[in-house]
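Trainee: I would like to learn how to read aromatic contacts in a model. Please take me through one.

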Protein chains: 2
Amino acid sequence: MSKPSIGFVGLGAMGFGMATHLVKEGYPVHGFDVFPASVDRFAAAGGIPTSSLEESARDKAFYVCMVASAPQVQSVLFGEGGIVPALPLNATLLLCSTVPATYALSVASELATSRPDIKFIDAPVSGGALRAASGTLSIMAGASDEALSQGQFLLQEMSDANKLYLVPGGVGAGSNMKMVHQVLAGIHILGASEAMGFAARLGLGAVRTAEMIKGSGAWTWMHENRLQRMLEEDWNPGASALTIILKDVGIITTSARQSQFPTPLASTAEQVYLSALLQGYGAVDDSSMVRQYFGEPIMKVEGSESEEDLQLVLDLMEITNLVAAAEAIAFARYLNVDLKQFFTLVSDAAGASRQFMTKGLEMIEGQIGGSETLDAAAARLEKAVQKARDLHCPLHLGNAALGVLYLAKKSGLGGEGSASVVKTFGN
Amino acid sequence: MSKPSIGFVGLGAMGFGMATHLVKEGYPVHGFDVFPASVDRFAAAGGIPTSSLEESARDKAFYVCMVASAPQVQSVLFGEGGIVPALPLNATLLLCSTVPATYALSVASELATSRPDIKFIDAPVSGGALRAASGTLSIMAGASDEALSQGQFLLQEMSDANKLYLVPGGVGAGSNMKMVHQVLAGIHILGASEAMGFAARLGLGAVRTAEMIKGSGAWTWMHENRLQRMLEEDWNPGASALTIILKDVGIITTSARQSQFPTPLASTAEQVYLSALLQGYGAVDDSSMVRQYFGEPIMKVEGSESEEDLQLVLDLMEITNLVAAAEAIAFARYLNVDLKQFFTLVSDAAGASRQFMTKGLEMIEGQIGGSETLDAAAARLEKAVQKARDLHCPLHLGNAALGVLYLAKKSGLGGEGSASVVKTFGN
């Protein structure tokens, strides 16, 4: 049986990988992008080029939308000459863009009015361009059972066998799951730069510091993924442009404001990203954020190997990541996200950190252990923050995390296990 | 009766004003500075130049130290060829530099060992170079009664009749009073830039916005003082260099860490100052911080006069200043600072704001009124923060303040008067 034709819009870094992977799997993929050069590149990779949204959608029983933002989605789906009117009866529409859950719901509601026959799946993805191209993304899909039964084969083609998450709760739940995952990703991306910039200020060699972080309790997936580009200053055109994570963090803080929920670390990261945007870093790879902490290439630092200084860097990251885990888990719980699924998903995705996988589990299960008190964790971070201040090194996340720990102490949590910081966020 | 000779070290912007004022009042003032040009300028203004610390101190029954930082104080007082060994028996030593209270106490203790005859007064000042030159500074003096009785005439010469505060608690209490005052100054300096940068992003004309802020509940002394320089971009050499407020804020956050007390807004301001330092703004006037929010001179903005947008700017500043007042008052209370004196002092000094003078009084007196709920205040700030985000404008303080309000809501304070945000800081 021949494979069905698929329409696809949004052939950027991620979308190009996803679409060409489907081509490799034998699907006729009809791709469109506002940049003709992207369409040409797709054609060169075996895709079928189209010259309009309408052409990309006409007679396609399956359609994947992977443009960058909610306003773009709105325009390509419902704008003049858009996708929705051109889709055939009972088509399945996968929205893989990262959008606010409220926006995904508004698409469902607009479809219910204008095209109730269309099966709509809210299916944001995670994993980066390489995993997109190999069909091993993490996908968080929320939809009706009917829509899922029609579209699941296509979700499976694009995702790793273990990383397709059918998120309970229907449309919106997929986007919420992605959003709380991005709380961690958005903090850790800046964290990777904050740790390496602080290390450079301390005079620590970059290569060894990166290795030590990766082998310690300070590990995050973002360190694993970004440090090489940071060391090489391989920033242009940018594997992951600053504007991408900034958009995702904007979804988080905007949703948090709608719920009046505090997200101090994500919010701090956002402000630093906005400052960097103002300085012209928007299109540049987000590993360039290290420049917000250290003015020169960190590879230029003559490597001292002070174990004491290195410990400060590890402590900074460990405790900041602990507070990040608390912020993400508290927000997820508030949004009624399935926490077990959230834990499984994050542990094997771009939001992962050693702290999330250990202390985060304690927070989720409500089984807070006594291995280190909150007081002791605060003391470790405090030492790093003071040292950075003495060196005139900004430490945006470290200071914000320490502030959260001090507020936790004010609430009487100082003597409890460090994971009890999650209680500061309420619920 | 002829006036006594006075020794003076530290002829920078503030010190030069103070020393030349004493000259005008008829005192023989023997001045020293590490920069020979400053000594020459002092001589040209009628001062008596000296060529060493020792010479400036020998036979001087009264000595004023106005160098920039604790390490400098330590060096000029106790270093080789320093002031203390050269002072005559029973001399009175005024330390007017801004230093941590713990450092002022360490000076007292070192004198108790080496020169117990010296009468030591911990007497930091506030008010800027103009008021220094006219002898109308605010001075916060802590010392033994004996030392105060000897030195009070000199404190009176340098201060406004209503602005000499004899702070109860002895040495250290003056520096603590200055420090909690600087919590407000340190936040409001950035706040002035944040408000004007946000206004520029909104397309509001700078001159009119500045006037509206000054005439509203968003007023601060810093707006009054900095906005003209900000509009004119009169930044070099800088009436008040960024490094000065950065040093003061460093004293605050370091002391706060020693007490494990949360100072989220002062800490946020510090991180932005450190970022600007990294960008090369250290020696520049702190009104240049507007560049952290808007990339061009704000006078270039074509003035729209949207009342709705202007209200967002006023709301941003009002609510941020409300939270700043809470942070300063809570920290002052924690440090056992005399709150009535603190209120009187701040209301007539560089840390003043309309919010401090109204809502701050409610916080101090524990008489929190019901004119606006915390929920309603948060909602006003929320609207400004969301608008800034939509414009990609950083809003460091506004976001930090909103985070504090959300945490206050989590503690169940949402329905109380907005001044109850002070309870979030404990005690």
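Trainee: Is A:Phe153 buried, partly exposed or exposed?

Mentor: Burial is defined by relative accessible area: under 20% is buried, over 50% exposed, and in between partly exposed (1.4 Å probe, protein chains only). A:Phe153 has 28% relative accessibility, so it counts as partly exposed. A:Tyr27, at 6%, counts as buried. This is a predicted model, in which local features need pLDDT of at least 70 and side-chain atom pairs count only at pLDDT 80 or more, while totals for chains, interfaces and linings use all residues. Residues are numbered from 1 along each chain as its sequence is written, chains are lettered from A and ligands numbered from 1 in the order in which they are written, and side-chain values use heavy atoms, without hydrogens and water.

Trainee: How many aromatic pairs are there over all chains?

Mentor: A pair of aromatic rings is described by the distance of the centres and the angle of the planes. Rings of Phe, Tyr and Trp (its six-membered ring) pair if their centres lie within 6.5 Å; planes under 30 degrees apart are stacked, over 60 edge-to-face, the rest tilted. The count over all chains is 12. Among them is the tilted pair of A:Tyr27 and A:Phe153, with 6.3 Å between centres and 35° between planes. A:Tyr27, A:Phe62 and A:Phe153 form one aromatic cluster.

Trainee: Which charged end sits over the ring of A:Phe16?

Mentor: A charge sits over a ring if NZ of Lys or CZ of Arg is within 6 Å of the ring centre and within 35 degrees of the ring normal. Over A:Phe16 it is that of A:Arg41, 3.8 Å from the ring centre. In chain B, B:Arg41 lies over the face of B:Phe16, at 3.8 Å from the ring centre.
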